[in-house]
Every structure is written in structure tokens, then in C-alpha cells.
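Here is a walk through one structure, taken a piece at a time. Keep the model open and follow along.

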Amino acid sequence: MEDSYFLGLIAEGASLRMKFLFALTTDHPEYSPPRQGEAHYYREGSLLAENPSVVKWKPGRPMIVKDLAGPFDFGGIELYRLGHTRYQVITDWFDAIFEVDDLRLHLFEVDDLIGLQQI
């Protein structure tokens, strides 16, 4: 998750969805060469934790800064697997340790993002 960015957190009923701008690596099946002016190939997506049990939640120090190129930078993300069902997510916004049976990564379709940018 190095060079990926945290975009937001959404509670969906008993589930928790964390939105990110993922920097895909060359070994990812959906990798493409970076766009002009970017160091990585980025795709928006999310991590979905269904029915998580929060063990620890510590607020961070949120800082929103603007990159030199103009877009907002919401900070980085670190994800650690601490056990079979226990994960730690660290962002500038929070540090959370939770247990979940299934943590799923979903990449948004590139066509969906183009449509969202036009709204």
C-alpha cells in the first residue's frame, strides 16, 4: 500500500468501507503504465470489512494539503495483518485495529471514474 492514499471512511450498516487511491504495482493483474506526470499507476477503490469488531481506535491528526500539481493529498495508508482475522490500518486520520472474517479489496472501474469526474 506504499504510495497509496486514504480518501475516506464510510459506515454501511454493520460494515466499514475505507476508500483509497491505490498505487498498483507491476505484479498486479490490472496494472498499466503510469499516466504522464505520475510516478505510479493509480486506481480508486475500497477495502470492505464486513461486520468488523473494533479492538482499538485512535484518532490521528488529519491534515489535508494540496500537492504541487493541484489535487488534495489526504495522506498515506499502511495495512498490516496481525493474525488470521486481525488487521491494523494506519492513516493520518486514524489508527485502527479490528477483527474481521473477510476483508475485500475492490477496484473501481476506470469507466466509472470517468463518469464520476464529469458530475
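**From a hairpin to the core**

Strand 7 and strand 8 run antiparallel, joined by five bridges. This is a predicted model, and local features are read from it with a pLDDT of at least 70. A hairpin of four residues connects strand 7 to strand 8. Within this pairing, Y80 stands opposite Q88 of strand 8.

Now step across to the next neighbour. Strand 8 covers residues 86-91 and pairs with strand 9, again in the antiparallel sense, over five bridges. Y87 has F98 of strand 9 as its bridge partner.

What is the order of the strands in the open sheet? Four strands form it, in the order 4-9-8-7, and the pairing is antiparallel. Strand 4 (53-59) and strand 7 (77-81) are the edge strands, each pairing on one side only. From one strand to the next, the twist averages 10°.

D95 sits in strand 9, which spans residues 94-99. Is D95 buried or exposed? Its relative accessibility is 15%, so D95 counts as buried. The cut-off for buried is under 20%. The side chain of D95 has a polar partner: it makes a polar contact with the side chain of Q88 at 2.9 Å. Q88 is also the residue that Y80 stands opposite. Setting aside residues up to four places away in sequence, D95 touches K56, W57, K58, Q88, V89 and I90.

Now turn to the nonpolar side chains. In soluble globular proteins, nonpolar side chains tend to be buried together. The largest nonpolar core here has 18 residues, of which M18, F20, F98 and L103 touch the most other members. Two or more residues come from each of strand 2 (15-24), strand 3, strand 8, strand 9 and strand 10 (103-107). Strand 2 gives the most, with five residues.

Leaving out its neighbours within four places in sequence, L103 is in contact with L47, L48, A49, L79, Y87 and F98.

Aromatic rings come next. How many aromatic pairs does a search of the whole structure find? The search finds five. One of them is formed by Y31 and Y41, and it is edge-to-face, with 6.2 Å centre to centre and 75° between the planes. Y31 lies in the loop between strand 2 and strand 3, while Y41 is in strand 3, so the pair ties together parts that are ten residues apart in sequence. The two partners fall into separate accessibility classes. Y31 has 28% relative accessibility, so it counts as partly exposed. Y41 has 7%, so it counts as buried.

Finish with a backbone feature. Most residues other than glycine have a negative phi. N51 has a positive phi of about 50°, although it is not a glycine. Where does N51 lie? N51 is in the loop between strand 3 and strand 4. Strand 3 covers residues 41-50. At 54% relative accessibility, N51 counts as exposed, because the cut-off for exposed is over 50%.

Technical notes: Residues are numbered from 1 along each chain as its sequence is written. This is a predicted model: local features need pLDDT of at least 70, side-chain atom pairs count only at pLDDT 80 or more; totals for chains, interfaces and linings use all residues. Side-chain values use heavy atoms; hydrogens and water are left out. Buried means under 20% relative accessible area, exposed over 50%, partly exposed in between (1.4 Å probe, protein chains only). A polar contact is a pair of N or O atoms within 3.5 Å; within protein, one must be able to donate a hydrogen and the other to accept it, and residues adjacent in sequence count only if both atoms are side-chain atoms. Contact means heavy atoms within 4.5 Å. Two strands pair if DSSP finds at least two bridges between them. Axes are lines fitted to C-alpha atoms, for helices over the stretch in contact, and angles run from 0 to 180 degrees between N-to-C directions. A nonpolar core is a set of buried Ala, Val, Leu, Ile, Met, Phe, Trp, Tyr and Cys residues joined through side-chain atoms within 4.5 Å. Rings of Phe, Tyr and Trp (its six-membered ring) pair if their centres lie within 6.5 Å; planes under 30 degrees apart count as stacked, over 60 as edge-to-face and the rest as tilted.
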